[in-house]
Amino acid sequence: MKNFKFILLSIFSSLFLLFGSIIANAVEIEYWQYTYKSRVAAIDKLIANFQNENPGITVKHTNFPYADYRKKVSIAISSGDGPDLVQLYYGWLNDFRDGGLIQPLPQDIFSHSDIESDFFKMVSSMKVDGEYWGLPTAVRSLALFYNNDLFKEAGLSGPPETLDQMVDYAKKLTKTDSNGDYLQIGFGVDTDGQDHHFWREVLVRHFGGQPYSDDGQKIAYNSAAGAQALKYLTDFEKTHKTGSNGFMNRGQDAFAAGKAGMVLDGSFRISKFNKTEGLNFSISELPGHNGKRYNFSSFWANAITTKAEGEKKEAAAKFLKYLTSDEAMQVWLDTVGELPAKPSVALVEANKQHPQYGPFIRGLDYATATTFISEKPQRQSLIDSYDMVVLKDMSPEDALAKVAKKEQELLDDFFGN
Amino acid sequence: MLKDFWENITLNQKLAITAWVFLLIPIIFYTTIRFYPTFEAFYVSFMKWNLLGSQKYIGLKNYQRIFGDEDFWIVLWNTIKYAIIGVPISLFISFVIAYFLNEIKFGHQTIRAFYFIPFLTTAVAMAWVWRWFYQPMPIGYFNIMLSWVGIPQQPFLKSIEQGLYSVMAPAVWAGLGFQIVIFIAGIRAVPKSHFEAAEIDGAGRLQILREIILPALKPTTIFLVVISTIGFLRIFDQVYTMTSDSAGGPLNSTKPLVLMIYEYAFDTYMLGRASALTVILFLLLLTVSLIQLWLMRKSK
Amino acid sequence: MADEEIKMSNSDQMIQRLEQINPTKILTWTLLFLGSIVMITPIIFMISTSFKTGQEVYTLSLLPQKATLENYIFILKESKFIYWTLNSLWVASFSTISVLFFDSLVGYTLAKFNFRGREIIFIAILSTLMIPTEMLIIPWYMMSREFGWIDTYWGIAFPGLMTGFGTFLMRQFFMGLPDELIDAARIDGWSEFSIWWRIAMPLVIPALSALAIFHFLGNWTAFLWPLIIVNDPDMYTIPVGLASFNGEFQMDWEIVMTASCLATIPTLFVFIILQKYIIKGIMLAGLKG
């Protein structure tokens with residue numbers, strides 16, 4: 001009897017110790033992203049799945065409003081606080097690297113050959129100096145949203161397939177009152193929205209040029225192609241009179257109000273339009289030109305911060321591996337509506353032919369991403385050159401020359417030229 | 001020993017020591033929170049620094065770059081425009097209203113309250129409201145009202161010519177209440193005897209205004225000019241909120257110095273350049289204040 | 001006899017008043033009244049829109065056809081407005097109490113004590129009026145990063161704990177107090193602190209309330225510094241929270257107007273109750289300034 005008790009006791013105590021050591025070894029890592037309802041929900045779901053599979057790791061999930069996200073992240077990490085794993089806009093990569101905020105992904109867990117074969121090509125912008133600095137769960141591209149009711153009213157059957165058709169359709173979809181004021185616009189240009197990407201990666205290429213030099217250090221949009229691209233965009237407002245920049249405050253608002261025939265936007269806008277009562281819309285791939293198609297893609301990547309060391313770094317790498325797994329990407333697509341970063345998930349027939357996500361996914365095939373030094377001032381280049389052409393009647397060539405000069409200074413400053 | 005010391009000093013010395021004790025914490029405060037940061041601002045203005053790395057001394061380069069930047073001159077001129085247009089307009093309007101409102105007895109409190117309420121509002125909140133009013137049809141009320149009388153729509157915030165005035169309007173609107181109340185106080189402070197003497201002399205309304213009221217209001221007016229000039233030169237809240245799609249736009253036409261400082265510091269993290277701009281702003285404000293103080297001395 | 005001359009019958013009084021009304025006066029009154037209505041029109045529309053649904057937003061009607069509270073519910077539920085209000089309240093109150101205490105203490109010391117270096121201190125403090133906060137935000141930010149004040153109440157409040165303006169104002173008022181009062185108390189053996197706290201302070205209450213109102217209001221509506229020092233949305237003050245309705249948040253005008261309402265209504269409410277004191281306070285400050 002005594003022996004039995006003793007055995008029982010030792011079993012219990014060793015189990016207790018074992019259990020205790022697992023608890024004691026439980027690593028807690030922190031993950032930060034910006035606040036957006038569906039993204040928060042998705043991460044929560046993925047954390048739950050991950051923690052089930054990895055009982056020794058807990059992931060704490062914190063999020064902040066988009067407006068101050070970047071500032072908050074930079075400050076926190078640089079003062080030694082902050083997360084172990086952070087989500088960053090791919091355009092911030094250089095700033096974050098420069099500021100010593102993130103560290104390269106360990107190559108034993110994230111082999112470069114695997115990355116290059118598994119992910120969409122645009123992810124290569126995360127490779128700098130021979131290392132990968134982050135990986136996305138999802139990517140975004142642009143597509144054309146169009147209002148079915150307004151199209152029907154104007155006698156248009158399907159979406160425009162070419163740039164020229166787009167102009168034509170826009171004209172047909174525009175309505176003005178007796179004073180010449182817009183009641184309804186054909187195409188909602190919003191230079192502060194996604195249209196600057198449209199100009200930079202799509203239009204400039206359509207007209208035979210490219211936005212930056214191959215090494216990304218010199219501006220190349222200051223060319224005939226760039227000017228033609230800018231002219232195409234400004235002509236909507238200036239020549240064709242199919243709308244004004246920021247009509248009804250933003251393109252997306254005009255579209256949601258049923259007052260814009262077409263807008264260009266990312267897949268993240270789908271849920272807003274789906275929720276808008278009475279809005280009957282469809283999505284199509286961006287119109288092509290001369291038989292070619294281009295698109296702009298962007299993404300938010302997950303990176304390991306310099307704060308993560310030892311077992312926290314290990315745990316963070318593990319979680320990152322899960323975040324970039326096929327399973328996580330499908331969850332993300334279903335919850336957030338953002339496109340999977342791997343063709344193996346994205347180009348699955350069901351996803352490819354999806355009425356809403358399909359056009360975006362198909363667009364990924366021919367999409368490129370701009371390597372931004374600092375997105376805000378570079379975005380301002382297009383906003384300003386657009387205003388120069390429309391408000392000050394400058395020629396697109398002169399406008400681009402002016403903004404290019406300023407932006408090149410920014411680039412030179414960054415690259416130390 | 002302390003007790004001996006305390007008993008052997010004069011009353012005056014005791015009072016002096018007490019005074020310094022009272023002033024101790026405030027002195028520490030002002031030194032560390034006002035004076036030291038001022039020097040630090042000057043110091044950083046000679047550096048190149050992006051907050052995360054180390055500071056690199058570059059002498060006057062920041063200032064050179066600023067003065068060579070075309071946009072800076074636009075922004076400086078904008079800032080001055082806000083003041084030299086905003087101040088006279090708001091003082092004129094508020095004086096006229098104060099003059100007539102002072103004579104009203106019936107409903108005086110209520111009407112005065114209506115004029116004053118905008119002063120209590122948060123600039124950001126009202127900037128949103130005005131931004132909405134400025135929208136083109138069918139959303140913006142101003143344009144809707146213009147269309148009723150057949151005037152073509154105005155771009156307001158989206159126009160290079162109208163942008164600055166559109167942003168200035170809510171700032172003027174909000175400041176009127178304060179100025180009106182001060183003016184009324186100033187008018188009422190004029191001794192009744194002056195008015196009675198003028199009436200006996202048979203002076204007309206306009207004469208009384210010119211020869212009695214306006215001279216008596218000189219210190220009040222100068223006070224308001226100083227305060228509102230400095231206020232307009234530092235304008236920020238309205239611009240930030242109303243031009244968020246192209247900050248200070250379009251094409252920098254509405255951008256004041258403070259917004260440029262904010263952008264350099266917290267958008268592009270060029271803290272040396274931003275500090276240099278704050279020094280320039282400081283010198284601008286200092287010059288303006290000194291000129292006005294000198295004018296005030298002259299009037300005495 | 002004089003009484004009979006002065007007393008008039010009620011009807012005579014009324015006749016006299018009516019005789020004073022002339023068309024010019026009526027016109028002036030009407031214009032002023034209309035002007036005052038125009039002044040508050042933005043506020044009225046802001047309030048009325050906050051009760052409208054999304055569809056009705058673009059109608060120019062003053063009263064919503066289908067009044068709804070759903071915007072208010074949305075804001076209170078989905079955003080952190082309540083936190084923002086508490087933060088603003090906390091910071092503004094703390095700052096105002098500090099200003100009332102220290103500005104009066106310093107003002108009193110500079111007014112009623114004679115010691116070497118007094119003028120220098122006074123001029124030094126006065127000179128801080130020339131230093132714009134815009135110049136100090138970068139050093140303050142650097143300081144706050146080092147000491148971990150980012151996203152704290154202290155971080156938001158510390159720049160405004162004492163002001164040159166308040167000190168100047170209080171000094172003016174204290175200088176108006178008779179020295180005999182203080183000397184008498186000294187002879188009676190009162191401590192200097194008690195003299196200030198128990199004798200001098202009660203005598204300048206009008207000035208204190210004026211200062212309190214000014215400072216509280218300024219703090220409540222402060223934007224630039226809180227914008228910089230606070231990143232955590234839980235710690236926003238009301239103006240910063242309002243500005244955050246930019247960006248990815250849905251820019252539905254009725255929501256934004258509701259938020260602006262919530263920011264403005266409490267101040268208006270306080271004003272309506274304390275109107276007399278507020279106006280008096282401002283007039284007082286203006287005359288002494």
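Student: How many bridges join strand 1 of chain A to strand 3 of chain A?

Tutor: This is a predicted model, in which local features need pLDDT of at least 70, side-chain atom pairs count only at pLDDT 80 or more, and totals for chains, interfaces and linings use all residues. Residues are numbered from 1 along each chain as its sequence is written, chains are lettered from A and ligands numbered from 1 in the order in which they are written, and side-chain values use heavy atoms, without hydrogens and water. Strands are DSSP runs (E, at least two residues) numbered from the N terminus, and two of them pair if DSSP finds at least two bridges between them. Strand 1 (residues 27–34) and strand 3 of chain A run parallel, and the number of bridges joining them is two.

Student: Which residue in strand 12 of chain A stands opposite Tyr89(A)?

Tutor: Strand 3 of chain A and strand 12 (residues 295–305) of chain A run antiparallel, joined by five bridges. Opposite Tyr89(A) stands Trp300(A).

Student: Are the residues of strand 3 of chain A buried or exposed?

Tutor: Buried means under 20% relative accessible area, exposed over 50%, and partly exposed in between, with a 1.4 Å probe and protein chains only. On one side of strand 3 of chain A lie Leu85(A), Gln87(A) and Tyr89(A), and on the other Val86(A) and Leu88(A). Strand 3 (residues 85–89) is largely enclosed by the rest of the structure, because five of its five residues are buried.

Student: What is the relative accessible area of Val21(B)?

Tutor: Val21(B) is located in helix 2 of chain B, where a helix is a DSSP run of H or I with at least four residues. Val21(B) is exposed, because its relative accessible area is 54%.
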